[in-house]
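Subject: Structure handover

Hello,

Here is the structure I promised to pass on. Please open it first, then read my notes below.

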Amino acid sequence: MDKVLNIMKEGIEYPFLLEFLDEPSKRIRSKIALLYLKTAGKNLDDNIYSILAVGELIHNASLLHDDIIDEALLRRGKTPIGKKISPKISILAGDYLVSLAISKINNPEIIKIFQFCTQKMCESEFKQFFMRGKIPSQEDYIDICKGKTGALFAAVLESCAVLSGMDNINARLFAELYGLYFQIKNDMEEESAMSDKKNNIYTALSVMGIEKTLSLLDNLREEMRNLLGVFPESNYKQELEGLFKE
């Protein structure tokens, strides 16, 4: 992951942004893509790592914007840039990271993939914002999760699949499912649930209840395992499956 971080930081001269990018992060989008490619027996080159950096830059940009929308007091255990410096700077910094991400893409097909991704992310955030204080239907909740989270997982892995000459449709579907799974699990965590409650956002447990939520997670796990069934058993595959084991 150090290689991804180094590419992310290329050209950035602002200490507050470099510090933000250096803060501990799961970089789960990159991890999923790397494990999927290794499970498929594909070699990793600089083009792949650049795509991973693009995905992480866009993710970090979305965090800078989200912190303003949600009036967050903490980000990764620290005071967010919007509180520490200015909300205006946080918005500008997010825009700046998106522009850096775009500058690292030189493939027209991949540019279209990320254009669609960022559009879906914004549309889903619009939808969630205007539904604050209202309990969404299960369909609306899942649609929001797919857009605000699943879209970026999908864009990263689909782009890597395109560059690797793989079946990008299956790769995209796997990433979309994992993104949905990841968001539902995140919504169920205590810290996230408290933040959502403060912002009048209703998530999985409020929408579906515990039994339906757990059933949905089980179904997502099964679908993801089925998609990975085309690949031979390996340590990489086991590690990938371990990310949605329970």
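Let me start with one residue. Glu 71 counts as exposed, because its relative accessibility is 57% and the cut-off for exposed is over 50%. Glu 71 sits in the loop between helix 4 (46–69) and helix 5 (81–84). Its backbone deserves a look. Glu 71 is not a glycine, yet it has a positive phi of about 55 degrees.

Before going on, please keep in mind that this is a predicted model.

Asn 200 has a positive phi too, at about 60 degrees, and is not a glycine either. You will find Asn 200 in the loop between helix 10 (190–198) and helix 11. Asn 200 counts as partly exposed, because its relative accessibility is 46%.

Now the overall picture. The chain has twelve helices and zero strands. From the N terminus on, the order of elements is α-α-α-α-α-α-α-α-α-α-α-α. The radius of gyration is 18 Å, close to the 18 Å that the globule rule gives for 246 residues, so the chain is as compact as a globular protein of that length. Along the principal axes, the C-alpha atoms fill a box of roughly 50 × 45 × 30 Å. Of the 246 residues, 47% count as buried. Take the contacts with a separation of 6 or more: residues 24 or more positions apart account for 73% of them.

Next, helix 11.

How far apart are the end C-alpha atoms of helix 11? They are only 26 Å apart, although the helix has 25 residues. A straight helix would reach 36 Å at 1.5 Å a residue. Helix 11 also has a kink of about 90 degrees, centred on Ile 210. An α-helix has 3.6 residues a turn, so residues three or four places apart point the same way.

Then the aromatic rings. The structure holds ten aromatic pairs. One of them is Tyr 14 with Tyr 96, an edge-to-face pair at 5.6 Å centre to centre, with 85 degrees between the planes. This pair links distant parts of the chain, 82 residues apart. Tyr 14 is in the loop between helix 1 (2–9) and helix 2 (15–22), and Tyr 96 is in helix 6 (residues 87–103). Tyr 14 counts as partly exposed, because its relative accessibility is 43%. Tyr 96 counts as partly exposed at 25%.

A second pair is Tyr 36 with Phe 231. Their ring centres are 5.4 Å apart and their planes are at 90 degrees, so the pair is edge-to-face. Tyr 36 lies in helix 3 (residues 28–39), and Phe 231 lies in the loop between helix 11 (204–228) and helix 12 (235–242), so the pair ties together parts that are 195 residues apart in sequence. Are these two residues buried or exposed? Both Tyr 36 and Phe 231 are buried. They also belong to one aromatic cluster, made up of Tyr 36, Phe 174, Phe 231 and Phe 244.

The charged end of Arg 76 sits over the ring of Phe 20, 5.1 Å from its centre.

Two buried residues complete the tour.

Leu 17 lies in helix 2. Leu 17 is buried, because its relative accessible area is 1% and buried means under 20%. Which residues does Leu 17 contact, leaving aside its neighbours within four places in sequence? They are Ile 12, Leu 64, Ala 93, Tyr 96 and Leu 97. The C-alpha atoms of Leu 17 and Ala 93 are separated by 7.5 Å, although the two residues are 76 residues apart along the chain.

Thr 149 lies in helix 8. Thr 149 is buried, with a relative accessible area of 5%. Not counting residues up to four places away in sequence, Thr 149 touches Arg 29, Gly 179, Phe 182 and Gln 183.

Best wishes

How values were computed: Residues numbered from 1 in each chain as written. Predicted model: local features only at pLDDT ≥ 70, side-chain atom pairs only at ≥ 80, totals over all residues. Heavy atoms only, no water. Phe/Tyr/Trp six-rings, centres within 6.5 Å; stacked < 30°, edge-to-face > 60°. Helix = DSSP H or I, 4+ residues; strand = E, 2+ residues; numbered from the N terminus. Buried < 20%, exposed > 50% of the residue type's maximum accessible area, 1.4 Å probe, protein only. Lys NZ or Arg CZ within 6 Å of the ring centre and 35° of its normal. Expected span 1.5 Å × (residues − 1). Bend = angle between axes of the 7 residues up to and from the residue. Contact = heavy atoms within 4.5 Å. Rg over C-alpha atoms; globule rule 2.2 N^0.38 Å.
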